[in-house]
Amino acid sequence: MDIYNTEEQQLDALKRWWQEYGKAIILGSVIGLGGLFGWRYYQSHQIETRSAGAEAFEQISQRLAAQGSAAFAEASAFVEQNKGNNYGELAALLLAGEAVRANELVLAQQQLELALAGTKDAALGDTIRLRLVRVLLARNELAAAQARLDEVKGEAFAALRSEIQGDLFLAQDRRDAARDAYRAALDAGGASDNPGLQLKLDHLAVSVEPGDEE
């Protein structure tokens, strides 16, 4: 006997699952990308001299890590003062990650937009766009999220792009489209980076009536 007997019951069950777990999955991914990418980006831009800018950046990063939201105003000021250089870019990314942790999504969006505007690196730009899409999705800004996702062109991001597209479709209750997007993400190797991808697909499969699959 099926767990859910009608299409309406299936849709309601999926909505409840998304409402309970969807935002946590989205924001967890943003935070995870922030920590991983922030460190790699910092490593790739090694500071050759202990300049005043480097010291100031170190202080800001340490305060953000130790104080969280209490350091947001100071970090925002640092970003404004360092627009157009690597310190400002990286500080914006770190601040965005901490803002997500504090559920200050407007601030996170603003900082990601600043970081995106300041970079000329294609891979870095795509990484920022994907993080921005997740923040917009968490804010239920679905049209803006789709527009940013459409800007991601790098083949290295194919799996993640398809997974986030699935999240967008699911937020619009487009279950068939979401299922196809998650499968495309799996086919592109997404499960190796995110075991939760299969879980998303499994929950969609539970809500499908016999005969819905081709």
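Mentor: A salt bridge is a side-chain nitrogen of Lys or Arg within 4 Å of a carboxyl oxygen of Asp or Glu. The model discussed here is predicted.

Trainee: How many salt bridges does a search of the whole structure find?

Mentor: The search covers the whole structure.

Trainee: Which residue forms a salt bridge with D126, and is D126 buried or exposed?

Mentor: The closest N and O atoms of D126 and R129 are 3.3 Å apart, and the two residues form a salt bridge. Both lie in helix α6 (residues 122–138), three residues apart, so about one helical turn separates them. Buried means under 20% relative accessible area. D126 has 6% and therefore counts as buried; its partner is R129.

Trainee: Where does E151 lie, given that E151 forms a salt bridge with R129?

Mentor: The closest N and O atoms of E151 and R129 are 3.1 Å apart. This pair links distant parts of the chain, 22 residues apart, with R129 in helix α6. At 33% relative accessibility, E151 is partly exposed. E151 lies in the loop between α7 and α8 (158–171).

Trainee: What is the N to O distance in the salt bridge of E113 and R148?

Mentor: E113 belongs to helix α5 (residues 105–118) and R148 to helix α7 (residues 142–149), 35 residues apart. E113 is partly exposed, because its relative accessibility is 26%. The side chains of E113 and R148 meet at an N to O distance of 2.7 Å.

Trainee: Which residues are linked in a network of salt bridges?

Mentor: R129 forms salt bridges with D126 and with E151. E113 and R148 also meet in a salt bridge. The network links E113, D126, R129, R148 and E151.

Methods: Residues numbered from 1 in each chain as written. Predicted model: local features only at pLDDT ≥ 70, side-chain atom pairs only at ≥ 80, totals over all residues. Heavy atoms only, no water. Helix = DSSP H or I, 4+ residues; strand = E, 2+ residues; numbered from the N terminus. Buried < 20%, exposed > 50% of the residue type's maximum accessible area, 1.4 Å probe, protein only.
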